Amino acid sequence: MAVTTSVKPRKQRKALYTMPHHLRHKLLTAPLSRELRERYGFRSLPIRTGDRVRVMRGDYKGIEGKVIRVDRERGRVYIDTVTRRKVDGSTVNVPIHASKVMIVELDLSDRWRKRVVERKMEAREEMMARRKGREAEEG
């Protein structure tokens with residue numbers, strides 16, 4: 001998704017930092033696991049609260065957990081199992097960038113999310129049918 005038409009880094013950063021929150025959720029997408037990719041037929045989806053994700057990079061690499069919060073302003077997700085102990089002894093959740101996680105299980109309790117998944121699956125099937133049609137014409 002193009003943030004701006006400018007190629008200047010300064011303007012790219014400004015557009016990213018001043019982007020409205022309702023558009024920012026598209027930037028908070030994560031790839032699906034191999035099993036989900038085979039089942040649904042597409043590669044990535046915006047992260048939502050309730051999804052199970054696996055951290056793929058950083059100090060918490062390999063840890064799996066449920067997303068408890070998505071911070072659109074900072075571009076980070078909070079996972080229930082990724083915590084840090086503060087000096088006073090209390091624990092806090094560590095923010096992880098959305099691109100550094102992989103979705104392992106989708107939360108399909110929301111009917112709007114279900115519709116998004118179905119729409120993407122239909123688009124994939126149509127694309128594959130068109131591709132087969134073209135190959136049949138050529139071959």
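Trainee: How much of the protein do buried residues make up?
Mentor: Buried residues come to 27% of the 139 residues. Keep in mind as we go that this is a predicted model.

Trainee: Okay! And how many helices and strands does the secondary structure have?
Mentor: There are four helices and seven strands. Along the sequence they follow the pattern α-α-β-α-β-β-β-β-β-β-α.

Trainee: What about the radius of gyration of the protein, against that of a compact globule?
Mentor: The protein has 18 Å, whereas a compact globule of 139 residues would have a value near 14 Å. The C-alpha atoms fill a box of roughly 70 × 40 × 30 Å along the principal axes.

Trainee: Let's look at the strands. In what order do they sit in the open sheet of five?
Mentor: The order is E6-E5-E4-E3-E7, and the pairing is antiparallel.

Trainee: Which strands stand at the edges there?
Mentor: Those are strand E6 (91–97) and strand E7 (101–105). Each has a single partner strand, so one side of each is left without a neighbour in the sheet. On average, neighbouring strands of this sheet are turned by 55° against each other, direction ignored.

Trainee: What holds strands together in a sheet, in general?
Mentor: Strands of a sheet pair through backbone hydrogen bonds, either parallel or antiparallel.

Trainee: Switching topic: which residues have the most contacts inside the largest nonpolar core?
Mentor: Ile47, Val101, Ile103 and Leu106, in a core of 22 residues. The elements that give two or more residues to this core are helix H3 (34–40), E3, strand E5 (76–85), E6 and E7. E5 gives the most, with three residues.

Trainee: Which residues does Ile103 touch?
Mentor: Leaving out residues up to four places away in sequence, its contacts include Leu32, Leu36, Leu45, Ile47, Asp51 and Val53.

Trainee: Where is Leu32, then?
Mentor: Leu32 is in the loop between strand E1 (29–31) and H3.

Trainee: Why does Leu32 count as buried?
Mentor: Because Leu32 has a relative accessible area of 0%, and buried means under 20%. Leu32 also touches Phe42, Met102 and Leu106, among others. Although Leu32 and Ser44 are twelve residues apart in sequence, they are 5.3 Å apart in space, C-alpha to C-alpha.

Trainee: Which backbone nitrogens lie by polar atoms of the Asp51 side chain?
Mentor: The backbone nitrogen of Arg48 lies 3.1 Å from one such atom, and the backbone nitrogen of Asp107 lies 2.9 Å from one. Beyond its neighbours within four places in sequence, Asp51 is in contact with residues including Gly65, Lys66, Glu105 and Arg113.

Technical notes:
Residues are numbered from 1 along each chain as its sequence is written. This is a predicted model: local features need pLDDT of at least 70, side-chain atom pairs count only at pLDDT 80 or more; totals for chains, interfaces and linings use all residues. Side-chain values use heavy atoms; hydrogens and water are left out. A polar contact is a pair of N or O atoms within 3.5 Å; within protein, one must be able to donate a hydrogen and the other to accept it, and residues adjacent in sequence count only if both atoms are side-chain atoms. Contact means heavy atoms within 4.5 Å. Two strands pair if DSSP finds at least two bridges between them. Axes are lines fitted to C-alpha atoms, for helices over the stretch in contact, and angles run from 0 to 180 degrees between N-to-C directions. A nonpolar core is a set of buried Ala, Val, Leu, Ile, Met, Phe, Trp, Tyr and Cys residues joined through side-chain atoms within 4.5 Å. Buried means under 20% relative accessible area, exposed over 50%, partly exposed in between (1.4 Å probe, protein chains only). The radius of gyration is taken over C-alpha atoms; the globule rule is 2.2 Å times the number of residues to the power 0.38.
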